[in-house]
Amino acid sequence: MNQSRRTPLIDSSLAVLSKGYAWLPDRRRRTTAPVVRARVMGQHTVALHGPEAVRFFYDERHVGRGTALPGPVLSTLFGHGAVHTMDGQEHRVRKEMFLSLLTGPEAVAGLVECVAGAWDEAVESWPGRPSVVLFDEASRVLTRGVCRWAGIPLDDAESLARDLVAMVDGFATPGPRHWRARRARSRSEAWLGRLVEDLRDGAATAPAGSALDVVVRHRDADGQLLDPHTAAVELLNVIRPTVAVCWFVAYAGHALRLRPDIRERLGEDDPAYAVAFAHELRRFYPFAPFLGGRAVTDLEWRGEPIPSGALVLLDLYGQNHDPDLWDAPYTFDPQRFLERPAHRDELVPQGGGDRTTGHRCPGEDVTIALLRALGPRLARLEYDVPEQDLRIPLSRIPARIRSGFVIEAVRVPVSALSSGRATG
């Protein structure tokens with residue numbers, strides 16, 4: 001085998017941790033080969049890029065996802081036994097539960113209405129506060145809204161929001177953030193597991209058709225109900241991604257400061273522009289750096305062999321900033337999505353492929369709809385942006401604004417509230 005096709009001797013795991021989102025795009029720029037070869041966590045790793053690679057990656061005849069997720073990611077972000085660990089028919093049956101909850105106009109509209117209502121309630125208190133950290137406040141708003149929609153009783157939105165954010169914030173790093181994420185998941189799984197048991201014992205009730213009701217009654221491909229722990233895991237996989245939209249809400253504040261000319265247009269009642277703004281937020285700002293799977297057999301990609309069992313990475317951040325796909329990729333410009341549609345396998349902030357049959361995030365429609373509702377609401381607010389650290393280090397996974405985006409002297413015009421409620 002050609003030396004370039006052998007597993008590199010030097011492990012890149014530390015480089016991934018230190019360079020973050022830049023690691024894979026930098027490696028790709030340094031090679032003329034159609035793939036990047038590396039050793040990550042001691043494994044032969046092959047990284048792919050581009051729309052054709054997306055389709056290759058999401059073909060279950062090529063790449064399986066179930067065995068590729070490392071234990072630390074399952075113990076923090078997804079949970080052991082989650083839908084993300086499954087392939088084939090078992091995956092399709094479990095994922096159908098998520099699709100029934102998170103896709104379709106009625107399901108999405110119901111969730112957006114609950115979150116928008118929670119936002120409007122929260123915003124009315126902001127003028128009386130010395131400052132608001134947009135990231136933190138958005139996480140609480142999203143937690144209250146999604147739990148209200150899901151039928152999950154909620155006593156302490158602040159504590160749950162903190163735990164849900166911790167699960168996302170600590171999945172890709174060793175050290176304190178990671179251990180906070182593990183503790184947060186353990187607490188949340190125990191709480192929801194008890195709730196599932198109470199529902200099945202008749203000690204509690206769930207609103208008919210709610211996410212809580214659907215998950216508790218779901219039967220897997222083997223015809224069995226989910227055990228309480230797995231049901232708790234999947235309930236978290238319904239509400240946690242919604243709360244993770246707080247990353248994009250904070251990025252929206254950052255974008256409006258970066259491009260103040262956009263604010264007035266976004267504040268207008270123009271759904272097409274609000275969706276374009278949402279797409280550009282997801283393209284421009286860092287969220288997931290790459291996805292991982294495992295070659296299910298000996299493969300070949302553009303003449304390059306990929307041995308069975310190799311770790312296969314799909315470069316998301318690099319593709320969303322590829323000059324061959326995007327004009328001026330490091331310029332924030334929602335207009336680009338008014339001039340051409342967001343093609344499925346080109347724009348991949350939350351993965352690619354067909355969400356009905358593959359592993360593409362089933363909550364992508366929810367993310368777009370929430371940003372469509374909350375972006376204009378934020379644009380219609382009046383506030384000051386004090387001096388603060390607005391850097392977004394790409395060495396940190398997941399990246400986030402260091403200050404969380406602080407706003408002061410918030411003013412809520414009557415037109416902002418009335419317009420927001422009318423368009424939610």
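In what order do the five strands of the open sheet stand, and what is their pairing?

Analyst: This is a predicted model, in which local features need pLDDT of at least 70 and side-chain atom pairs count only at pLDDT 80 or more, while totals for chains, interfaces and linings use all residues. Residues are numbered from 1 along each chain as its sequence is written, and side-chain values use heavy atoms, with hydrogens and water left out.

The order of the five strands is β1-β2-β8-β5-β3, and their pairing is mixed. Strands here are DSSP runs of E with at least two residues, helices are runs of H or I with at least four, and both are numbered from the N terminus; two strands pair if DSSP finds at least two bridges between them. Because β1 (36-40) and β3 (63-64) each have a single partner strand, they stand at the edges, and one side of each is left without a neighbour in the sheet. β3 runs antiparallel to β5 (residues 290-295), to which two bridges join it, and Gly 64 stands opposite Arg 294 in β5.

Turning to the rings, the whole structure holds 14 aromatic pairs, where rings of Phe, Tyr and Trp (its six-membered ring) pair if their centres lie within 6.5 Å, and planes under 30 degrees apart count as stacked, over 60 as edge-to-face and the rest as tilted. One of these pairs is Phe 284 with Phe 332, edge-to-face at 5.5 Å centre to centre and 85° between the planes. Phe 284 lies in helix α14 (residues 271-284) and Phe 332 in the loop between α15 (317-320) and α16 (336-339), so the pair ties together parts 48 residues apart in sequence.
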